[in-house]
Amino acid sequence: MNDPSTALRRLSAALDAGDRDAVMACFTDDATVHVMSGDKRITFTGNDIRDAVDELLTGFDNIRMTPSTRLESNSQVVEESVLSGDHTGSFVGAKPTSNRVHVNVKLTASAGPDAPQPGLKSLLVEADTRALLAQIGANQDGIGAAGGMLATVRERHQGVRILTAAVPPAAAAADVGAAPGRSGSRRRLVAMAVAASLLLVVFMAWRPGSSDPAIAADGIHATPPVATSAPTSTPSQPAATPTPTPTTPAKLPVIATAAPKSVPRVQAGQQVVLRSDVTFAFDSAALTPAASAAVTRLAAQIRSAGVKGTIQINGYTDNSGTVAYDLALSRARALAVARVLQSGLAGRPVTLAPQAFGQANPVAPNTTDANRARNRRVTIVLPTPR
């Protein structure tokens, strides 16, 4: 059996070169490619694979595959990567934006029989399609935009961590003499342990400052307690109980208050858009539980990206109410999002600046229900890195 790792490396090099024929040469004649989009699986074979490759290479230039973790076995490879490219052509109906697009992907590959060059017989691609569509302007998905930010951070990680799916010696010894019918359960346990290790490695690779295991995720030093020895005159006396070292709670970011009569402005930086008709109930500034959880996840991704400086939270409405009422509603909604971000960004050197725009700056004419829904939004603007 060919080594699927070698075939994947050839595929990455062919995509980097933008060479369709070289990409197709990475697959066997009877290859099957499965692409997962959410819960939907799309299967490609033969010319369908070629057409999909053509669409990808037409829509994007300077494509790059950056692997971070690879789990290898004799017959299969599972690789976590970031796929990036310049959106210079039409793709799934979206016009070129010239944006550099970053998408997290997971590739599960198996190779065909021995041949002059390794070829992929089966490839499963699990991609963050929400992040892809958000970055090429196909939708205004806040969670998708955050997924693109996370992929951008992951791409900066240099090197790939390689894990093997071999059974540890202790586990192999434990299988000796096992009752028939139990080996499948043991193999599943080993597989679960390997999967847990893979997730841990990926998590540690994404964390900023992960080279220092004594630093907690929120930047607080986790100092281990120092054990004290028992007196030498009474060796039977139990050791003294160590006194826990008190820790100072992480400081919450400041939520800035705008000066009276100040005119709000939008700073330069990447924007994450939250649709208000999804995030809030009608005519309400209370976040739904699902929206609160989504904003909390976004805070974790902002923390992982090491963002510093002022984060704007800008509230907007359609023109259904009075100017004064919509201004107050947009302010209350921006503040609600800021408070959730504040809890998730404890200890980070950021300032949160909620602003109220009300009916100003619509992204579409308020002439249809669909357009008004687009205008009801809260936009999180991250500062441009210095």
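**Reading strand pairing and helix packing**

User: In strand 6, which residue is the bridge partner of Thr108?

Analyst: The bridge partner of Thr108 in strand 6 is Leu124. This is a predicted model, in which local features need pLDDT of at least 70 and side-chain atom pairs count only at pLDDT 80 or more, while totals for chains, interfaces and linings use all residues. Residues are numbered from 1 along each chain as its sequence is written, and side-chain values use heavy atoms, leaving out hydrogens and water.

User: How is strand 5 joined to strand 6 and to strand 4?

Analyst: Strands of a sheet pair through backbone hydrogen bonds, in either a parallel or an antiparallel sense. Strands are DSSP runs of E with at least two residues, helices are runs of H or I with at least four, and both are numbered from the N terminus; two strands pair if DSSP finds at least two bridges between them. Here, strand 5 pairs with strand 6 (residues 120-127) in the antiparallel sense over seven bridges. Strand 4 (residues 77-87) also runs antiparallel to strand 5, and ten bridges join the two. Leu83 stands opposite Val103 in strand 5.

User: How many residues of strand 5 are buried?

Analyst: Buried means under 20% relative accessible area, exposed over 50%, and partly exposed in between (1.4 Å probe, protein chains only). Strand 5 (residues 100-111) is mostly covered, with ten of its twelve residues buried. Across the chain of 386 residues, buried residues make up 38%.

User: In what order do the strands of the five-stranded open sheet lie, and which stand at the edges?

Analyst: The order is 8-11-10-12-9, with mixed pairing. Strand 8 (254-255) and strand 9 (271-275) stand at the edges; each has a single partner strand, so one side of each lacks a neighbour in the sheet. Within the sheet, strand 10 (residues 309-316) and strand 12 (residues 377-381) pair in the antiparallel sense over five bridges. Gln312 has Val381 of strand 12 as its bridge partner.

User: At what angle do helix 5 and helix 9 cross?

Analyst: The axes of helix 5 (residues 142-155) and helix 9 (residues 289-304) cross at roughly 20° and come within 10 Å. Axes are lines fitted to C-alpha atoms, for helices over the stretch in contact (heavy atoms within 4.5 Å), with angles from 0 to 180 degrees between N-to-C directions. The contact is made by Ile143, Ala146, Gly147, Met149 and Val153 of helix 5 and by Ala294, Leu298, Gln301, Ile302 and Ser304 of helix 9.

User: Is Arg154 buried or exposed?

Analyst: Arg154, in helix 5, is buried, with a relative accessible area of 4%. The C-alpha atoms of Arg154 and Ser304 are separated by 9.7 Å, although the two residues are 150 residues apart along the chain.
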